[in-house]
Amino acid sequence: MAGTACFIIVSRNNIPIYEAEVGSALKKEDAAHQHHFILHAALDIVQDLAWTTSAMFLKGADKFDGLVVSVYVTAGHTRLMLLHDSRNDDGIKSFFQEVHELYIKVYHCLCFSVMQSFPSSIRFGMGLALFRKIWMLILCSDSNYSCLVILLFPFREF
Amino acid sequence: MGREVSESCVESLLTEMVSSYCNQFYANKPELAARRIEAIGYDVGHRLSERYTMERPRFSDHLEAIKFICKDFWSELFKKQIDNLKTNHRGTFVLQDNRFRWLSRMSIDPSPENTGLSQDSSVALAENKATQATNMYLYFPCGIIRGALSNLGIPCAVSADISNLPACSFVVRIKA
């Protein structure tokens, strides 16, 4: 069972800001974007769930076919969503906290406005840091993984 | 994420920002200068609120967000909390700071220069100009508050009232 993870950051205006995918992603034509579809479909559920609690980390917000969506919501209602199949809750929580710190650092950059995606230079730096963290996350998880393909999608400009 | 800057640098920067927007960039258009300064404050508030809400749980309603502004946010910015918070429970909040740090070194007495027959009107004019000049310095903190609250999901309008310096009141009106 290969370890897979798909991670996106969605701003408060429902604009996706960042995406990354790790693991043996499906390469079949019809299911190529299944992970992104699952994450976007989970947005409504996350929205409802976020108002019921004041915690930031919502684990297991949604499930589909053995994959679990965990979400970390910031005070500014930015959602960090991770689609994963492992059960490593503590690792995922600390991953989210590190991403949150990185996000704040990028957010402070004056050239960045939340209405756009991250510009490419910043995206690359952040992407590398995140990619390393996702990699460590998969390594620490319990599932035995075989990482055939690591994909790091640069974000599509809107 | 914990580097520090000397306070005199921050105050000099603010003074220079107001001065260059009022006297250089929008020399005869104080409304435009005010709006620009407030927009800068909005951006700053937006980013600061993201940073200062990192460690704490999220807010469940407007009052909690305003209390966060009064306590944690204000103490991060000005090393003290807001002294008095009033509300009419219908979306208006008044935040009163009895000694606003950024105005604490500002001179407040306009000295009337004419002692002739038109003394009253010239005193009033001088006072008006002094109030106007001081008001310019308040657009930036108003913008900060507005930016912070917008990031927490509360669109609002913020204005400042300096009827008795060095105390300063910020009136927050939440847009319904």
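Across the interface of chain A and chain B, eight residue pairs are in polar contact, both partners being at pLDDT 80 or more; a polar contact here is a pair of N or O atoms within 3.5 Å, where within protein one must be able to donate a hydrogen and the other to accept it, and residues adjacent in sequence count only if both atoms are side-chain atoms. On the side of chain A that touches chain B, β4 (67-73) and α3 (89-107) of chain A each supply at least two residues. The most comes from α3(A), with six residues. Helices (H or I, at least four residues) and strands (E, at least two) are DSSP runs, numbered from the N terminus.

This is a predicted model, in which local features need pLDDT of at least 70 and side-chain atom pairs count only at pLDDT 80 or more, while totals for chains, interfaces and linings use all residues. Residues are numbered from 1 along each chain as its sequence is written, chains are lettered from A and ligands numbered from 1 in the order in which they are written, and side-chain values use heavy atoms, with hydrogens and water left out.

The contact between the chains takes 22 residues from chain A and 15 residues from chain B, contact meaning heavy atoms within 4.5 Å. About 1,700 Å² is buried between chain A and chain B, and carbon and sulfur atoms give 56% of this area; buried area is the accessible area (1.4 Å probe) that two parts lose on being put together, summed over both. What is the count of salt bridges between chain A and chain B? The count is zero, with a salt bridge defined as a side-chain nitrogen of Lys or Arg within 4 Å of a carboxyl oxygen of Asp or Glu.

Over all chains, the same rule gives seven salt bridges. One of them joins B:Arg105 to B:Glu11, with the closest N and O atoms 3.0 Å apart. B:Arg105 lies in the loop between β2 and α4 (119-136) of chain B and B:Glu11 in helix α1 (residues 7-25) of chain B, so this pair ties together parts that are 94 residues apart in sequence. B:Arg105 is exposed at 64% relative accessibility, whereas B:Glu11 is buried at 14%; buried means under 20% relative accessible area, exposed over 50%, and partly exposed in between (1.4 Å probe, protein chains only).

A further salt bridge connects B:Glu38 and B:Arg146, whose closest N and O atoms are 2.9 Å apart. Distant parts of the chain are linked here, with B:Glu38 in helix α2 of chain B and B:Arg146 in helix α5 of chain B, 108 residues apart. B:Glu38 is buried at 14% relative accessibility, and B:Arg146 is partly exposed at 22%.

B:Lys80 and B:Asp97 also form a salt bridge, the closest N and O atoms being 2.3 Å apart. Because B:Lys80 lies in the loop between α3 and β1 of chain B and B:Asp97 in strand β2 of chain B, the pair ties together parts that are 17 residues apart in sequence. B:Asp97 is buried, at 0% relative accessible area, while B:Lys80 is partly exposed at 22%. Together with B:Asp83, these two residues are linked in a network of salt bridges.

Turning to the helices of chain B, α3(B) (residues 62-78) has 17 residues and reaches 22 Å from its first C-alpha to its last, close to the 24 Å expected at 1.5 Å a residue; the expected span is 1.5 Å times one less than the number of residues. A kink of about 35° is centred on B:Ile69, the bend being the angle between axes fitted to the seven residues ending there and the seven starting there. The buried residues of α3(B) include B:Phe68, B:Ile69, B:Phe73 and B:Trp74. They belong to a buried set that packs against α2 (30-52), β1 (84-87), β2 (92-97), α5 (139-151) and β4 (168-174) of chain B. Just after α3(B), B:Lys79 takes a positive phi of about 60°.

In chain A, A:His84 is found in strand β5 (residues 79-84) and is buried at 4% relative accessibility. Its side chain makes a polar contact of 2.9 Å with the side chain of A:Ser70.
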